[in-house]
Amino acid sequence: MTLSGYAGNILKINLSDGDVSKVPTAEYADRFLGGHGIAAKLYWDMVPPQAKAFDAENCLIYASGPVTGFPRFAGFRWKTCGKSIAGDRESFNYCNLGDKWGAFLKFAGYDALAVRGKADKPVSIFINNGTAEIKDASNLRGKLTFDIIDTLKEEYGKDTSILTIGPAGDKLLTYATVYADEGASGSGGLAAVMGSKNLKAIIVAASSNRPQAAHPQRLQKLADEIRDMRPPGDMPSMWEIPGLTREHACYGCGIGCGRQVYSLNGDRHYKSLCQASIFYSWAVMKYTGKTDGAQLLATRLCDGYGIDTAVMHGMIEWINACQEAGLITEKQTGLPLKEIGSPEFIEKLMGMIARREGFGDVLARGTIAAAREIGAEAEKMLHSYIATRSSETKDYDPRLMITTSLLYATEPRRPIQQLHGICSLVMAWLEMGGGKPGEFFTIEDFRKTAEKFWGGAIAADFSTLEGKPLAAKIIQDRAFVKESLVLCDLRWPAMVIPGGTGDSTLESRIYSAITGQETDEKELNKIGERICNLQRAILLRQGWRGRQDDQLLDYYHTVPLEKAEIFWNIDGLVPGKDGEIISKVGTVVDRDDFEKLKDEYYELRGWDVASGLPTEAKLAELGLQDIAGDLKGRGLVK
Ligand code: SF4
């Protein structure tokens with residue numbers, strides 16, 4: 001059967017015995033779309049719940065979506081999923097990457113790749129037009145990602161795309177990142193799982209195959225419609241460094257977001273984008289009094305070693321606070337602590353962490369674990385720098401935007417694609433962080449957008465709990481769709497466009513045009529709800545205790561938000577009743593309020609309110625009877 005929009009097969013490789021097999025994508029596509037959805041279902045089918053992250057039974061799943069390979073939609077994206085050690089417990093985890101690799105995999109004949117087992121020496125996988133071979137990669141161990149890519153391109157040719165891990169993945173660093181061509185990197189600790197499997201790289205050769213859309217003309221018109229929503233030059237890039245960087249969109253994007261690249265060392269390109277490019281800026285500014293591109297050295301070091309910038313951000317702030325308080329010394333750590341902000345400091349720090357040398361080995365376990373090692377005073381400081389149990393940095397705080405509390409509480413990691421579903425509207429209202437509410441995106445715009453994308457205008461009033469559980473549910477379901485199609489988080493959903501509120505029907509129209517499955521917004525979001533419930537089932541089966549584990553870090557309940565604690569919203573401003581501008585500085589997430597939010601959220605999800613477990617009836621309504629059957633045998637469904 002031809003499946004419009006898909007390559008048609010999923011590749012499975014067992015590194016323990018070298019077995020290579022494939023299954024038809026059609027077994028998964030209708031119910032789970034692609035990307036996150038298909039990866040989660042493959043994980044459910046293939047990974048026993050008791051498997052540890054570094055066991056051979058754990059699988060790494062790499063999956064593109066139906067939009068991957070169709071240019072002009074910011075949709076050449078792909079997901080990596082598997083069990084990782086990134087948080088305070090081992091858990092199913094995920095990340096999202098862009099540029100060529102996912103599209104090349106699809107062009108080579110596969111919508112997804114599931115790798116299980118363990119090789120007994122470093123290996124790579126070479127995929128070329130439907131074939132797959134396991135190759136020796138002993139020569140790659142310990143090398144930086146950039147060097148590995150150069151080496152492999154020499155060996156396999158420039159017309160390839162390469163996914164790899166750096167020294168941090170080799171050393172099983174808790175927050176090691178996977179890295180692919182042109183600066184694509186993915187967090188969630190999944191590079192350590194690649195390292196545990198002795199899998200150094202996956203090389204995919206270019207192919208002339210392209211997925212076919214069911215309705216190419218409709219798709220073309222949709223691409224034109226989206227292009228017209230972004231007049232040229234609408235958005236000055238926040239990541240530009242004049243004289244060094246230039247705008248360069250990811251392969252196949254066709255929309256762009258101000259993403260920057262720059263060249264050093266000949267042909268190599270490095271990125272300047274989002275949090276990854278600014279995480280060391282504050283320190284550089286403090287040390288030198290200016291930012292001049294030195295912060296990009298920190299980004300290059302993270303990409304080269306394969307380390308998560310979102311963890312390094314909070315960690316460096318915490319190290320700085322500890323040394324200022326006299327809790328750590330240069331002698332004890334072996335770090336030039338007086339030079340935080342210098343190139344020497346960041347080079348020394350990252351090298352020690354990636355190689356797990358001395359104090360670097362303590363930091364390699366994450367900031368929370370390192371604070372425990374230093375002592376109670378160091379632990380007390382964490383609240384200023386850490387947002388999650390995975391030591392990820394603070395940005396979209398529940399004390400500021402209470403809706404985010406439900407997202408942080410129910411996801412195994414910092415759910416950045418969901419958090420953006422809230423903060424992007426608050427930022428637009430706040431003039432993209434400039435602190436002048438409502439000039440470009442007025443409160444009327446905000447309310448209209450909340451009606452369309454958050455389930456009601458009341459969700460735009462942050463003085464009340466009303467409407468927040470519904471908004472959280474809708475934002476999550478829509479994010480699971482986005483992560484399964486797979487669309488870029490920087491452009492989707494199209495909530496804010498020049499002139500006001502965007503179009504919430506675009507994703508379903510794109511999906512229908514590509515696959516020929518006529519699906520409206522409501523039906524597509526229902527699939528997102530199905531994927532959300534599947535992920536909940538995965539978490540429950542591996543030990544998440546439902547309501548009991550749906551928690552925030554404790555400090556959100558006990559430590560009032562301080563002025564300037566949130567870098568993009570110094571005064572903690574949000575819209576309140578009737579559009580009044582209110583400040584959340586000085587507030588906490590009240591425990592009773594949080595429990596009330598959870599009650600309503602579970603009700604809206606059709607889950608049991610007392611336990612947070614899904615109900616058999618809800619899973620059946622979502623077409624997940626097979627999942628319900630398994631959970632029932634384990635006492636994990638009501
Ligand atoms: S919107 Fe930006 S980050 Fe997203 S795919 Fe396009 S260029 Fe890449």
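How far is the sulfur of Cys 59 from the closest cysteine sulfur, and which residue holds that one? The answer is 11 Å, to Cys 81.

This is a predicted model, in which local features need pLDDT of at least 70, side-chain atom pairs count only at pLDDT 80 or more, and totals for chains, interfaces and linings use all residues. Residues are numbered from 1 along each chain as its sequence is written, and side-chain values use heavy atoms, with hydrogens and water left out.

**View 1. Cys 59 and its closest cysteine sulfur, in Cys 81.** The gap is too far for a bond. A disulfide is a pair of cysteine sulfur atoms within 2.5 Å. By this rule the count is zero disulfides. Cys 59 is buried, at 0% relative accessible area (buried: under 20%; exposed: over 50%; partly exposed: in between; 1.4 Å probe, protein chains only).

**View 2. The shell around the ligand.** Its residues (a heavy atom within 4 Å) include Arg 77, Cys 250, Cys 253, Cys 257 and Arg 491. Cys 253 is buried, at 11%. By class, the shell has six nonpolar, no polar and three charged residues. Here Ala, Val, Leu, Ile, Met, Phe, Trp, Tyr, Cys and Pro count as nonpolar, Asp, Glu, Lys and Arg as charged, the others, Gly among them, as polar.

**View 3. An open antiparallel sheet, order 13-14-15.** Strands are DSSP runs of E, at least two residues, numbered from the N terminus; two pair if DSSP finds at least two bridges between them. Strand 13 (246–247) and strand 15 (269–272) stand at the edges, each with a single partner strand. Strand 14 (260–263) pairs with strand 15 over four bridges. Tyr 262 has Tyr 270 of strand 15 as bridge partner.
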